[in-house]
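Biologist: I have not worked with this one before. Can you walk me through it once it is on the screen?

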Amino acid sequence: MSRPSPRLIHAIWLTMAMVIVGCAGQKEPATKALAQAEAAIASVREDAAKYSPADLQAVEATYAALKANLASGDYKAVLAGAPQLMSAVTSLKSGVDAKKAEAEAAMAAATGEWNALSQDVPKMVEAIQSRVDSLSASKRLPKNVTQGSFDQAKSGLDMMKTTWADASAAFSSGDPVDAVSKAKQVKEKGAEVLKLLGMS
Amino acid sequence: MLMTDENQVPGKDNPYAQYYVVKSGDTLSKIAEEFYGDKMLYDRIFDANRDVLQDPNKIKPGQKLLIP
């Protein structure tokens, strides 16, 4: 086997040097692009975890892959993938902003609804409690109330009190949507109980 | 605040409170029997309507009574 010519060796060295210099030239923009992406993800991470967890997970996975490329020196892959990642982060942010605005509007509406229910439901419970107390003191029940319906009314009243306590706790803990949902259950049960007691 | 004390009478502004308009020939005992099944509980109706009734034996047709 003949030795490669000095000219060929020179050419190989020159090519390798160009590759090394070229790669070194891509390291800084690749690092910078990834740092920008990281900062963009960090700015939306908290809200995204709450409102768009699946989309956040996809973005985080893409970011992790590019970070691995950077670590292995594949700067070209980082530079090629970074714009797509930034686009995904922008899309994630607008989706999160929309969902957040929607959730805030629902919270505001629920708070208004809760304010009305918190005036109304206790009055319903009070009226039912008063009639249950009266009938409990009675030696016999009126013609329009059977013993079975009276028993159902009493257990319905217990459910109303328990659920109302849960609703109040939900509102106090900052969840007006759940509070309203529970308060509506109390009202529905109350309507049944009023019928059972012949009050509606 | 949930009012659940026993013998708590609903206020006149309570939209769920039940009312009865007195007819000719009614007595509180008769009304108590109709709503509670027990005429002896007339005093509950009297107590809840002391703002319009002075005497449990004197009720007038047309009076609107709260039935607690």
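Biologist: Which helices of chain A supply the side that touches chain B?
Modeller: Helix H3 (75-137), helix H4 (147-172) and helix H5 (176-196) of chain A each supply at least two residues. H3(A) gives the most, with 14 residues. Helices are DSSP runs of H or I with at least four residues, strands are runs of E with at least two, and both are numbered from the N terminus.

Biologist: Before we go on, where does the model come from, and how are things numbered?
Modeller: This is a predicted model, where local features need pLDDT of at least 70 and side-chain atom pairs count only at pLDDT 80 or more, while totals for chains, interfaces and linings use all residues. Residues are numbered from 1 along each chain as its sequence is written, chains are lettered from A and ligands numbered from 1 in the order in which they are written, and side-chain values use heavy atoms, with hydrogens and water left out.

Biologist: How many residues does the contact take from each chain?
Modeller: Chain A gives 25 residues and chain B gives 27 residues, where contact means heavy atoms within 4.5 Å. The two chains bury about 2100 Å² between them, 50% of it on carbon and sulfur atoms. Buried area is the accessible area (1.4 Å probe) that two parts lose on being put together, summed over both.

Biologist: And salt bridges across that interface, how many?
Modeller: The rule finds one. It joins the side chains of A:Lys123 and B:Asp13, at 3.7 Å from N to O. A salt bridge is a side-chain nitrogen of Lys or Arg within 4 Å of a carboxyl oxygen of Asp or Glu.

Biologist: How many over all chains?
Modeller: The count comes to 12. One of them pairs A:Asp120 with A:Lys187, the closest N and O atoms being 2.8 Å apart. A:Asp120 lies in helix H3 of chain A and A:Lys187 in helix H5, so the pair ties together parts that are 67 residues apart in sequence.

Biologist: Is A:Asp120 buried or exposed?
Modeller: A:Asp120 counts as buried at 17% relative accessibility, whereas A:Lys187 is partly exposed at 28%. Buried means under 20% relative accessible area, exposed over 50%, and partly exposed in between (1.4 Å probe, protein chains only).

Biologist: What is in chain A overall, helices or strands?
Modeller: Chain A has five helices and zero strands. Of its 200 residues, 34% count as buried.

Biologist: Switching to chain B. Where is B:Asp26?
Modeller: B:Asp26 sits in the loop between strand S1 (18-21) and helix H1 (28-36) of chain B. B:Asp26 is buried, with a relative accessible area of 10%.

Biologist: Which side chain meets B:Asp26 in a salt bridge?
Modeller: That of B:Lys30, at 3.7 Å from N to O. B:Lys30 is partly exposed, with a relative accessible area of 46%.

Biologist: What about polar contacts of B:Asp26?
Modeller: Its side chain and that of B:Tyr20 are joined by a polar contact of 2.6 Å. A polar atom of the B:Asp26 side chain also lies 2.7 Å from the backbone nitrogen of B:Lys23.

Methods:
A polar contact is a pair of N or O atoms within 3.5 Å; within protein, one must be able to donate a hydrogen and the other to accept it, and residues adjacent in sequence count only if both atoms are side-chain atoms.
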